[in-house]
Amino acid sequence: MSSPATGADLAALVEAGLRVACARAARPRPLAGFELFRIPVEHPFLRTLALPRAEPSEWGEPLRELVRVCAAEGLVPRIELLAQRREALRAALGAAGWIRTLAVPVLVKEVEPGAASAAADTVLRLEAASAWTLLAATLEAQHAILGAAQPRPAEEAAFRACLADGSVRTWVRLDEQGRPVAAASLLGGPPAVELAGLWTRPDRRRRGFAWSVVRTALAAAGEGGCGLVWAGAANGASAALLESLGMVRLATLESWERAG
């Protein structure tokens, strides 16, 4: 019998899973201490970022190299990390004047690799072949929740492409008129998948719609050999929902950007 995974083991899987999700969206550019992923702006969930790939004796030069490369390519220097695994990097970022723009709790749940489950009767899994109007309505609702502009046709096409290649799997709950009222997605693949894009239409909250969608997504998280599902909880309500479905707090996901 294998030993139970430690928090450090699970955190390493989260980092690896995030890297896989990014690599499925963009080819990484290796740098001294990072991998830089130039994510297409049309991607429905990810954005251009750098992930730490090593633990150098000092972070000063790797950070300067990242800034130089991003400046040359017209990119915003942005790093995402798990705080508990990257204390030295966090200290270097603060000393170099970077700004922490995001800090959210990461919750995880171990799942049985290979496990799969059909969607509940009230939950629909989107497919690349799903009606264009349904895909567009789902993406539009997600944008509205985030306060973003209406999605452009290129974003809708990118969403369909992600569904087609399996890098994104999305489930929605529909209302009586067939309109999406809640949704959640899984990103990436083994060793860990991210539960992302969780939202409920404001006028339909606290009715169990998001709960049913997330429950269905968690049941399918082990498809393809994944053993862990993780999520960053945007607020207390999201954290409470995830915890009610068996997810536990593990670490803190932070995003840092270069000032100026």
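Which residues of helix 4 are buried? In the predicted model, the buried positions of helix 4 are Leu134, Leu135, Ala136, Thr138, Leu139, Ala141, Gln142 and His143. Helix 4 covers residues 132-146, a run of 15 residues. From the first C-alpha to the last, helix 4 reaches 21 Å, close to the 21 Å expected at 1.5 Å a residue. The partners of its buried residues include both strands and a helix: strand 6 (123-125), helix 5 (153-165), strand 7 (168-174), strand 8 (180-187) and strand 9 (192-200). Gly147 follows helix 4 and has a positive phi, near 75°. In general, most residues other than glycine have a negative phi.

The packing of helices was examined next. Two packed helices are described by the angle between their axes and the distance between the axes. For helix 4 and helix 5, the angle is about 110° and the axes are 10 Å apart. Helix 4 is therefore roughly perpendicular to helix 5, as angles of 65 to 115 degrees are classed in this way. Helix 4 contributes Trp132, Leu135, Ala136, Leu139, Glu140 and His143 to the contact, while helix 5 contributes Glu155, Glu156, Ala157, Phe159, Arg160 and Leu163. By class, seven residues of this contact are nonpolar, one is polar and four are charged.

A second pair is formed by helix 6 (residues 209-219) and helix 7 (residues 236-244), whose axes come within 10 Å and cross at roughly 50°. Helix 6 is therefore oblique to helix 7. The crossing of helix 6 past helix 7 is right-handed. Ala210, Trp211 and Val214 of helix 6 meet Leu241, Leu242 and Ser244 of helix 7 in this contact. Five of the residues involved are nonpolar and one is polar, with no charged residues.

Val214 of helix 6 also provides a point of reference for Ser185, a residue of strand 8. The C-alpha atoms of Ser185 and Val214 are 8.4 Å apart in space, although the two residues are 29 residues apart in sequence. Ser185 counts as buried because its relative accessibility is 2%. Beyond residues up to four places away in sequence, Ser185 touches Phe45, Val168, Arg169, Thr170, Glu194, Leu195 and Ala196.

The loop between strand 8 and strand 9 contains Gly188 and Pro191. With a relative accessibility of 7%, Gly188 counts as buried. Its contacts, apart from neighbours within four places in sequence, are Ala21, Arg24, Gly166, Ser167 and Val193. Gly188 and Trp171 are 17 residues apart along the chain, and their C-alpha atoms are separated by 15 Å. Most peptide bonds are trans.

Leaving aside neighbours within four places in sequence, Ala88 is in contact with Glu55 and Trp59. The C-alpha atoms of Ala88 and Glu58 are separated by 8.2 Å, and these residues lie 30 residues apart along the chain.

Methods
Residues numbered from 1 in each chain as written. Predicted model: local features only at pLDDT ≥ 70, side-chain atom pairs only at ≥ 80, totals over all residues. Heavy atoms only, no water. Axes fitted to C-alpha atoms, helices over the stretch in contact; angles between N-to-C directions. Helix = DSSP H or I, 4+ residues; strand = E, 2+ residues; numbered from the N terminus. Parallel < 35°, antiparallel > 145°, perpendicular 65-115°, else oblique. Left-handed = near helix turned anticlockwise from the far one by under 90°. Contact = heavy atoms within 4.5 Å. Nonpolar A, V, L, I, M, F, W, Y, C, P; charged D, E, K, R; others polar. Expected span 1.5 Å × (residues − 1). Buried < 20%, exposed > 50% of the residue type's maximum accessible area, 1.4 Å probe, protein only.
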